[in-house]
Amino acid sequence: MEVSANFAFLKQEFPHVAESASYAEHHVYGDPRASCFHARHALERLVKRVYRVEKTLSPPKITNLDAYLGDPAFCALVPEVVWRKAEYVRQAGNVAVHGNKTPAPEHALNVVRELAHVLYWAGRTYLRKGAESLQGKTFDETLVPTAEPGAAPASVEELAALKRSLDATEDARKEIEGELAALREQLAAVKAENEAVPETHDWNEGPTRRLIIDLALARAGWPLDQEHDREYKVTGMPNPSGVGYSDYVLWGDDGRPLAVAEAKKTTVDAEKGRQQAKLYADCLEAMHGQRPVIYYTNGYETHLWDDQVYGPRVVAGFHKKDELASLLHRRAHREPLDVTGVRNAIVERYYQKRAIRSIGEQFGEARRKALLVMATGSGKTRVAIALVDLLQRAGWVKRALFLADRVSLVNQAVAAFKAHLPESSPVNLVTEKDKAGRVYVCTYPTTMGLIDETTGGEARLGVGHFDLVIIDEAHRSVYQKYGAIFRYFDSLLVGLTATPRDQVDRNTYELFELEPGVPTDAYELDTAVADGFLVPPRVQQVDLRFPRDGIDYDALSEEEQAQWESLDWGDDEDGGALPDRVDASAINNWLFNRDTVDKVLRHLMEHGHKVDVGAGWPRRSSSRATTSTRRSSRSGSTTTTRVRRELRPRHRSLRHVSAEPARRLRAEGQGAAHRDLGRHARHRHRHPRGGQPGLLQAGLLADQVLADAWARHAPVPRPVRTREPQAGLPRLRLLLQLRLLPREPRRHRGPRRHRPRRPALPGARPVADRRAGGAGPRPGGSAGRGVDGGAPRRSGGDEPR
């Protein structure tokens, strides 16, 4: 469509932004929902464009508009008044598109008007002579067209499809890197030139403040549709008239005030409204017999002050009605935290109870954050469960959120809560988003998505929805990538980490408001080993000279030099000369082939630490051990590829194997199963499509293999064939690959075909002076090679190679 005169100035550098903004203006009266959508989309296009042309910005790891706007570097780049207007457009667009109620045209006009201020900043900053040419630029509301007769409003589904189409079109238009670099340099010079021009724009901050505050209250479920919601008259003020008017009062169902909010001008620090808000709270308490929670805000920053319990703190928004009611109820009914109330059935070790006591003392001193440093295997999850149980029984917490960075850890945490605290009704928010409980377990990305969800314009999760948030593995990458979660929820915050206290990042301590190196409580590996709860880790390193230092021709013995010359080095060397050296990197890239990976895995099986977990597998042991090898980056990929290829589904399905044969196997003896194991292993089956488990999923436990063998041997009726994956077969196949079980000999398939000549090794250099007699024809044999084309086998010498 034709670009509106209100946004024509953007056509020079931001043509797609101008197009979306014009769509937003065009639909204000005819389709307000579509107008808000296009306004938000124009903002998203602008912000992404700024990230591309600004040399100081790097795209965040989470590529949604919230993450782009919330990135600290972007916040530092954009003036605060512009950032707040952009945040208003984002939130209003979300509410309009995802809400059930169609916004009013007046609301859509407010959104477009605020968008115009943001676009003015972009033009003034990045357009050539923008600061001069846009002097006195304002949004002309007379250019907004009236509703088109008969125009049908777009549905939410149609808007979603339109966004996908627009995003795909925009992604297709990517500048060449060279052109983009030149554009960045050009716009940097333009930006510096525009910054030298004095700012005279009227940002219209008063109405913006009201819009932002009203939107935040509406998102918390406060419609503000009653006369006593705004400018409520209070008596008892310390002024000559004794009367005051509170900006906002949030009422409970019983007609008593839950909260009072004082709104200051955006140019005034919100802290200046604290005392005035406190006086209003005093008057409301005297008038209604209940002291409300205190908010004071300038629209950009909101503070919450529950002066009966905590000091003032910055919050992301306003609490919902039930959340405020819980705050007031908790204020009067919570009990002191006593570590003697911790259930021994959940935790019984001294350091676990000490950690809970340290957190209780921290919370009892009106400090809302705590960090635990506990060695892996020492029971961090159990401590978290016992803490949640204590806080809920003492009336401090109603709903708790446990965050983990992987779905598998979420599943483990849910299982642990169900085992040790079933009355908490744990909910897995990854799979059970509509279920209610007292403990919720979720991943960080899913939680980010839930925060943005709205129902009828009201946020699904209010800022006070959770009273306690527990961060599993609290480290730098978590709060850098998902810090918005901790800034959004107004809750007690507990972090768990196994990183030693002196290695925890400084910013992590700042997140929990602690001195660097001083967590709330610590129980580290050395202490756990000394107490006998954990065993010390042991690292076994197999260091070989050739992979470490390479092979030097001059350092070889005469016999080895003769073998060197007998190898087929290919035809790529200049003048047919032999290399005098092979670098360590070339050896490592050549060494980690199929045969070597098999040997490494066999070494792991024979020399790695073994834990007998019996029928309860998978069960976590109290310590972990790892066998590692120094290798090139290619070796890890080779090992993974090797295992995955061998575990690809290519056999027929096993018959159903239940847990009963395994129990019977332990009860009645294992002889019959052992006798049948070889035959069972040699019997080839097809595994259903879609299996392909990883190395850890495959498992390395002979119990399941014996259970499969017992299922073939046991005199019980066999169910019909099933297409469900069987747990035992991948383990059996992996054991066969590791040569730990007998395998049927290969049949004779006739003479072996001629093996093609191997290419030259990378990194090889010609021999300067070849030995006498070595210039003759070199056989293209495989002497000295490992199985499957490994590195040359070495003989002689004292040092392993």
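Analyst: To start with a term: a contact here means heavy atoms within 4.5 Å. By that cut-off, Ser378 touches Arg349, Tyr351, Gln352 and Tyr523, leaving aside residues up to four places away in sequence. Keep in mind that this is a predicted model.

User: Why is Ser378 called buried?

Analyst: Buried means under 20% relative accessible area. Ser378 comes in at 2%, so it counts as buried. Ser378 sits in the loop between strand E7 (369-374) and helix H14 (380-393), and its side chain reaches the backbone oxygen of Ala375 at 2.5 Å.

User: What makes Tyr351 and Tyr523 a stacked pair?

Analyst: Planes under 30 degrees apart count as stacked, given ring centres within 6.5 Å. For Tyr351 and Tyr523 the centres are 3.6 Å apart and the planes are at 5°, so the pair is stacked. This pair links distant parts of the chain, with Tyr351 in helix H13 and Tyr523 in strand E15, 172 residues apart.

User: And what makes the pair of Tyr350 and Tyr523 edge-to-face?

Analyst: The angle has to be over 60 degrees for that label. Tyr350 and Tyr523 have 85° between the planes, with 6.2 Å centre to centre. Tyr350 is in helix H13 (residues 350-364) and Tyr523 in strand E15 (residues 521-523), so this pair ties together parts 173 residues apart in sequence. Ring pairs join Tyr350, Tyr351, Tyr523 and Phe533 into a cluster.

User: Which of these tyrosines are buried, and which is partly exposed?

Analyst: The cut-offs are under 20% for buried and over 50% for exposed, with partly exposed in between. Tyr351 at 0% is buried, and so is Tyr523 at 1%. Tyr350 has 42%, so it is partly exposed.

User: How do you know that H6 is largely enclosed?

Analyst: 19 of its 22 residues are buried, so the rest of the structure largely encloses H6.

User: What does H6 give to the largest nonpolar core?

Analyst: That core has 53 residues, and those with the most contacts inside it are Phe7, Leu43, Phe74 and Leu119. H6 gives the most to this core, with 12 residues.

User: How confident is the prediction over the whole protein?

Analyst: The mean pLDDT is 76, and 71% of the residues reach 70 or more. Over residues 643-750, though, the pLDDT is below 50. Where pLDDT is low, the predicted coordinates should not be read in detail.

Methods. Residues are numbered from 1 along each chain as its sequence is written. This is a predicted model: local features need pLDDT of at least 70, side-chain atom pairs count only at pLDDT 80 or more; totals for chains, interfaces and linings use all residues. Side-chain values use heavy atoms; hydrogens and water are left out. A nonpolar core is a set of buried Ala, Val, Leu, Ile, Met, Phe, Trp, Tyr and Cys residues joined through side-chain atoms within 4.5 Å. Buried means under 20% relative accessible area, exposed over 50%, partly exposed in between (1.4 Å probe, protein chains only). Helices (H or I, at least four residues) and strands (E, at least two) are DSSP runs, numbered from the N terminus. A polar contact is a pair of N or O atoms within 3.5 Å; within protein, one must be able to donate a hydrogen and the other to accept it, and residues adjacent in sequence count only if both atoms are side-chain atoms. pLDDT is the predictor's confidence in each residue, from 0 to 100. Rings of Phe, Tyr and Trp (its six-membered ring) pair if their centres lie within 6.5 Å; planes under 30 degrees apart count as stacked, over 60 as edge-to-face and the rest as tilted.
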